[in-house]
Amino acid sequence: MCGIVGYVGRSEAAPILLDGLKRLEYRGYDSAGVAIVNGEGVQTRKCAGRIAALSKLMAQKPPSGSFGISHTRWATHGKVNDTNAHPHFDQSGKLALVHNGVIENYGALKAQLVEQGHTFETETDTEVLAHLIGSIYDKIDNNDSKGRLVNATREALKQVIGTYGIALLHADVPDFIVGARRGSPLVLGVGRDENFLASDVSAIVAHTRDAVYLNDFDLVAVERDKFEISSIDGETGEHQINKVEFTSEDISKGDYAHYMLKEIFEQPDSVRDAMRGRLNTEECTAKLGGLNMTAAELRDVGRVVLTGCGTALHAGGVGEYLIEQLASVPTEVEFASEFRHRNTPMTRDTLVFAISQSGETADTLGALRESRRKGYRTLGICNNVASTIARESDGGVYMHAGPEIGVAATKSFTSQVVILTLIGLLLGRMRNLSTAEGSRLIEALEALPDQIEDTLKLSDHIKSIANKYVDVSGMLFFGRQFNYPIALEGALKMKEITYLYAEGHPSAELKHGIIALVRPDLPSIFVAPDDGVFSKNLNNIEQVKARKGPIIAVTTQSGAKQLKGIANDVIVVPDAPDTLMPILTVIPLQLLAYHLAVGLGRDVDKPRNLAKSVTVE
Ligand code: M6R
């Protein structure tokens with residue numbers, strides 16, 4: 001949700017900033033801009049549109065200088081246009097600021113500044129912050145311009161209510177950038193005679209793999225050969241330089257047409273990595289040391305709450321079935337955005353999991369903080385190891401899925417489901433799950449990567465099905481039990497990247513209203529492996545068929561036999577225990593959405609209005 005890149009060094013800043021923005025484009029892509037300083041002042045280039053548009057603009061009139069800041073925007077306040085694109089300036093026009101987040105009290109701050117004679121050019125909350133910092137800077141009577149800029153930023157941020165990751169510079173303060181964060185991620189890249197600021201390490205990993213992940217309320221003063229981190233209140237503390245786990249190659253598309261397709265095809269590996277070192281075949285259980293819980297504490301868990309947003313929430317939906325089935329522990333899945341504001345009665349033995357690929361989703365972070373504030377043990381299931389959720393939780397399980405760049409989440413979902421299976425197995429083996437059942441589950445888990453490999457071979461078949469449905473008005477998705485959340489996830493993928501209307505439902509709900517929608521141009525996708533509820537699904541499929549609704553079925557071999565002559569199109573996935581079926585059935589739905597989106601000419605990796613990491617509420 002908005003991406004920031006800053007650079008101070010000896011090289012030309014423009015190509016470094018532009019390349020960094022391209023890496024961060026997944027965070028927002030409605031407009032972009034840079035501010036670069038040289039002896040002649042601040043040179044700004046900004047425009048509505050993708051980074052490609054900014055790149056064109058910069059090529060026409062290249063800005064030069066060896067320090068600068070840049071931004072790719074996902075609009076919160078103010079229309080998408082050239083004016084509202086970042087950077088924004090203070091009254092003097094010398095201070096430039098880029099911002100990720102929302103300044104909630106910008107209206108009140110703006111009114112005060114207007115009273116003092118400030119005039120504003122944009123509708124953004126960010127411009128108000130730039131003016132505020134600039135006005136304090138101008139009032140500070142001190143010859144140390146760097147110290148003035150730091151102090152002005154500090155004083156202004158104390159007045160701010162809201163969230164921010166910011167980077168700013170001033171034309172009169174050479175080779176100097178200030179960054180700060182509260183609620184929006186910011187990382188410092190430490191180079192040799194050059195330093196970087198970015199919303200995410202992927203923007204700078206081509207230049208350095210040494211990174212300091214800033215904490216909330218940190219402020220950093222960045223120069224070529226040094227940096228200083230303090231708190232907004234002025235206190236200094238210890239900060240660790242971490243090695244980034246991946247390289248710039250890991251975040252390239254390789255030979256794939258889209259990141260989403262690459263990430264779908266990475267699932268045999270990402271699922272393997274989610275299990276690696278975590279299966280205890282001897283005791284037929286799972287090893288999850290990161291939970292930071294003793295066996296006695298795990299045995300005492302009386303209830304589980306799984307919370308997240310979007311795809312992560314759907315993984316939690318599968319987790320609800322899994323943990324209840326494997327461990328008989330009452331489990332609920334909760335929208336993070338609702339859970340954090342609701343007064344959910346919970347018992348002291350409740351264990352809360354915040355599920356998030358990015359580990360930065362504002363609503364999930366809010367749910368985690370609320371849960372911890374109330375004293376519940378709250379764990380994270382995250383992919384991004386340096387993320388705020390990972391750092392603020394009491395423990396957790398990393399997904400180790402590698403960077404996920406496509407806005408539509410794919411491999412993170414299957415990794416999350418694997419981890420929830422491991423949690424179910426661990427809790428189950430401490431309760432009533434037998435050695436034999438545990439052992440069978442482990443064997444089935446180990447077989448998954450190869451089965452996913454086989455499922456991916458269906459891609460061309462699924463593409464031919466997708467091509468038949470490019471003219472449809474929408475799609476309905478149905479599933480029961482473990483596959484009900486898969487129907488939700490299939491519909492989400494379809495909506496996100498094809499822009500077709502799509503909804504997921506429990507199959508049995510069909511006859512309670514949804515059936516009124518059934519018509520020849522609205523296909524129904526049934527996720528119906530031959531499991532304990534197959535015959536029930538079959539009834540629902542017949543009900544759609546009787547009303548001339550086209551049917552696509554995702555099923556197993558024996559299910560396909562029974563669906564012959566009933567379903568219009570059948571996708572056959574390998575057989576697995578009911579608990580693991582969702583990891584296989586979701587893949588055809590990811591591929592169906594992908595191929596349909598490509599067929600419709602959509603921008604698969606950057607669907608309209610979306611951003612990968614949603615750091616605003
Ligand atoms: O990073 P998170 O897992 O917390 O993200 C949660 C959702 O924003 C995310 O899953 C979103 O729904 C995806 N675009 C779905 O494909």
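**Helix packing, ligand contacts and backbone geometry**

Helices α14 and α19 are roughly parallel to each other, a term applied to angles under 35 degrees. Their axes come within 10 Å and cross at roughly 30°. Helix α14 spans residues 435-456, and helix α19 spans residues 581-599. Axes are lines fitted to C-alpha atoms, for helices over the stretch in contact, and angles run from 0 to 180 degrees between N-to-C directions. Helices (H or I, at least four residues) and strands (E, at least two) are DSSP runs, numbered from the N terminus.

The model is predicted: local features need pLDDT of at least 70, side-chain atom pairs count only at pLDDT 80 or more, and totals for chains, interfaces and linings use all residues. Residues are numbered from 1 along each chain as its sequence is written, and side-chain values use heavy atoms, with hydrogens and water left out.

On α14, the contact (heavy atoms within 4.5 Å) involves L448, Q451, I452, T455 and L456. On α19, the contact involves I583, L584, I587, P588 and L591. Eight of these residues are nonpolar, two are polar and none is charged. Here Ala, Val, Leu, Ile, Met, Phe, Trp, Tyr, Cys and Pro count as nonpolar, Asp, Glu, Lys and Arg as charged, and the others, Gly among them, as polar.

A second pair packs at an angle of about 45°, with axes 9 Å apart: helix α3 (residues 106-115) and helix α4 (residues 125-139). These two helices are therefore oblique to each other, the class left after roughly parallel, roughly antiparallel (over 145 degrees) and roughly perpendicular (65 to 115). The crossing of α3 and α4 is left-handed. Y106, L109, K110 and L113 of α3 meet D125, V128, H131, L132 and S135 of α4. This contact has five nonpolar, two polar and two charged residues.

The ligand is surrounded by 15 residues (a heavy atom within 4 Å). The closest are S356, Q357, S358, T361 and E496. Polar contacts are pairs of N or O atoms within 3.5 Å. A polar side-chain atom of E496 lies 2.6 Å from a ligand nitrogen. For K493, a polar side-chain atom is 3.0 Å from a ligand oxygen. T311 places a polar backbone atom 3.1 Å from an oxygen of the ligand.

Most residues other than glycine have a negative phi, and most peptide bonds are trans. H86 and P87 are joined by a cis peptide bond, with omega about 0°. P87 sits in the loop between β4 (67-73) and β5 (88-89). N292 has a positive phi, near 55°. N292 belongs to the loop between β16 (285-286) and α8 (295-299).

Notes: Polar contact = N/O pair within 3.5 Å; in protein donor to acceptor, adjacent residues only side chain to side chain. Left-handed = near helix turned anticlockwise from the far one by under 90°.
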